[in-house]
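This report describes one protein structure, with a short section on each topic. Please look at the sequence and the model before reading on.

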Amino acid sequence: MKKTKTFFGDIRENFPSGLVVFLVALPLCLGIALASGAPPLSGVISGIVGGLVIGAISNSNVSVSGPAAGLTAIVLTAITDLRAFELFLCAGIIAGLIQLVLGFIRAGSISNYFPNNVIEGMLAGIGFIIILKQIPHALGFDKDYEGHESIFDQGLNFNYFTELLGAIQPGAVLVTLASVSILLAWDHVPFLKRMKMLPGALVAVVAGILLNEIFKLSGSSLAIGSEHLVPLPVPKTIEDFKNLITFPDFSGFTNYKVWIAGATIAVVASVETLLCIEASDKLDTQRRTTDTNLELKAQGIGNLVSSFIGGLPMTSVVVRSSANANAGATSKASTMIHGVLLLVCVLTIPFLLNLIPLATLAAVLILVGYKLAKPATFKHFWQLGKFQFIPFVATVVAIVATDLLKGVGIGLAISVFYILQGNMKRAYYLSREKLNDADGITIKLAEEVSFLNKAAIKKTLKNIKGNSTVIIDARGTSYIATDVLEMIQDFANIRAKEEDITVELLGFKTSYRDYEKDEDSHVIITHKRAM
């Protein structure tokens with residue numbers, strides 16, 4: 001008999017993964033806030049709300065919400081235009097209200113129409129971005145914050161690569177190599193893998209801190225400077241604690257720019273969330289399905305709470321979700337634990353967190369990125385054929401070259417192209433020679449026949465020889481496009497009489513209105529030889 005999992009047992013099981021997500025989320029929250037032109041702590045507030053509020057409401061077991069790189073450009077533009085972060089917070093409230101409405105009108109069902117190869121391509125593309133964006137941090141070059149979603153945000157700047165090569169810090173490289181070694185050992189050494197309460201990411205972080213402190217105490221040139229460590233504000237007085245929270249300026253609701261920004265954030269955040277939820281469900285080893293309408297409501301409430309206390313707008317985020325799944329999360333307790341750790345550590349030990357080298361966190365993220373973009377995934381889609389492989393690769397390349405939404409849009413467009421092409425070819429066409437060999441021809445229409453099938457049916461009817469017997473069977477058909485119906489009608493009433501073709505129509509309805517659906521379909525043709 002299966003044991004019922006207790007509340008404390010669930011927390012104990014998910015604490016290691018929650019700790020890993022906390023370590024991954026902290027620098028991301030700070031980096032996205034800095035790249036958005038917002039106060040550094042606004043990103044952390046968003047991460048706390050994403051963990052505690054959205055984590056409590058959502059029924060996703062591995063998804064983690066927080067400030068998103070995909071919203072960075074929108075947030076930066078809005079704050080710049082409004083010239084006050086307090087006014088921008090009103091846009092976050094508006095976005096939250098719109099997402100609540102979207103949840104109640106069940107707009108989450110749109111996620112059902114994202115094809116698998118595009119979702120997998122999105123994951124692999126994000127994996128490549130994670131790796132490419134973390135390599136500079138791993139080498140000790142921290143000029144670029146995490147808020148940029150594409151590696152080509154500001155064009156292909158060769159000066160950047162020159163700067164990178166000239167700014168390599170040997171100490172950061174050593175910390176990265178040590179961290180990667182520890183993480184790989186925790187993944188592959190059997191007795192270490194069983195130490196669930198001591199995650200490899202925590203050991204790697206502690207080792208990174210200790211290694212750098214040894215460099216400092218010994219006066220070594222390998223010591224990593226403060227500019228390459230986690231940058232968290234440290235409150236020293238009660239007044240500093242009060243200033244951690246920024247409240248919205250409600251006069252912003254009279255500004256039309258605030259409403260435009262709020263609506264834009266709501267649409268982009270909702271689409272990104274639905275994409276990430278689809279991806280997160282694929283990362284869930286138990287293949288549980290998230291209620292996307294509930295997720296939109298959770299995101300709406302989360303954005304309302306975050307904006308009221310000075311946090312950035314948020315979405316479900318693949319980087320954190322994949323780190324969560326890879327660390328062994330089994331329930332949403334993990335994302336809530338990460339929220340609690342963010343809150344407690346920011347309030348109590350920010351000075352200790354500021355000792356963590358970014359190189360150590362880069363090592364954690366590089367391995368997460370590799371698991372998302374592993375070669376086995378590319379091999380899998382290659383074996384499925386070009387109709388699956390090309391949209392998959394196109395999504396990967398487009399996301400790396402542009403951003404998440406544009407990349408997914410390009411992948412979807414290519415997938416739709418292949419679907420349309422496939423539907424047009426599904427109207428099985430027989431050559432004139434084969435038709436000439438047939439005495440009786442049966443054309444069996446599928447359940448739904450759209451305009452996409454018109455050309456194939458037209459060619460088939462055109463190649464039927466005179467003095468033939470043709471049966472067009474629509475008994476299993478629920479919809480036929482009107483132009484296809486007219487074409488069949490013309491064939492039966494005009495050409496068939498002229499060429500002595502016997503036509504039998506089975507199952508055709510008396511009115512075009514009887515065919516209510518408008519979907520793609522195909523035609524199957526069979527023929528019999530004379531005995």
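In helix 21 (residues 454-462), the buried residues are A456, I457, T460 and L461. Viewed down the axis of helix 21, these buried residues fall within an arc of 130°, so they line one face of the helix. K458, K459 and K462 are exposed on the other side of helix 21. An α-helix has 3.6 residues a turn, so residues three or four places apart point the same way.

The model is predicted.

## The largest pocket

The largest pocket has a volume of about 710 Å³. It is lined by 27 residues, of which W186, D187, N326, A327 and K371 are the closest to its centre. Several elements give two or more residues to this lining: helix 1 (7-35), helix 7 (170-188), helix 8 (190-193), helix 9 (200-217), helix 13 (318-326) and helix 16 (358-372).

Sorted by class, the lining of the largest pocket has 16 nonpolar, 6 polar and 5 charged residues.

## Cavities

The structure holds 2 cavities of 30 Å³ or more. The second largest cavity contains about 40 Å³ of space. Its lining is made of G50, I54, G55, S58, S60, S63, V64, S65, E295 and T335.

Helix 2 (40-57) and strand 1 (64-67) each supply at least two residues of the lining of the second largest cavity. Helix 2 gives the most, with 3 residues. By class, the lining of this cavity has 2 nonpolar, 7 polar and 1 charged residues.

## Salt bridges

Side chains of opposite charge can pair when their charged atoms come close. A search of the whole structure finds 5 salt bridges. One of them joins E213 and K216, with the closest N and O atoms 3.4 Å apart. Both E213 and K216 lie in helix 9, 3 residues apart, which is about one turn of the helix. E213 counts as partly exposed because its relative accessibility is 24%, and K216 counts as partly exposed at 36%.

Another salt bridge is formed by the side chains of D284 and R288, at 2.9 Å from N to O. Is D284 buried or exposed? With 2% relative accessibility, D284 counts as buried. R288 is partly exposed, with a relative accessible area of 23%. R495 and E499 also form a salt bridge, and their closest N and O atoms are 3.1 Å apart. E499 counts as partly exposed at 31% relative accessibility.

Notes: Residues are numbered from 1 along each chain as its sequence is written. This is a predicted model: local features need pLDDT of at least 70, side-chain atom pairs count only at pLDDT 80 or more; totals for chains, interfaces and linings use all residues. Side-chain values use heavy atoms; hydrogens and water are left out. On a 1 Å grid over the protein atoms alone, a cavity is a set of points where a 1.4 Å probe fits but cannot get out, and a pocket is an open set with protein on both sides within 12 Å along at least five of seven lines; lining residues have an atom within 4 Å of a point. Grid points are joined across faces, edges and corners, and a volume is the space filled by probe spheres set on the points. Helices (H or I, at least four residues) and strands (E, at least two) are DSSP runs, numbered from the N terminus. Ala, Val, Leu, Ile, Met, Phe, Trp, Tyr, Cys and Pro count as nonpolar, Asp, Glu, Lys and Arg as charged, and the others, Gly among them, as polar. Buried means under 20% relative accessible area, exposed over 50%, partly exposed in between (1.4 Å probe, protein chains only). The arc is that of the directions from the helix axis to the C-beta atoms. A salt bridge is a side-chain nitrogen of Lys or Arg within 4 Å of a carboxyl oxygen of Asp or Glu.
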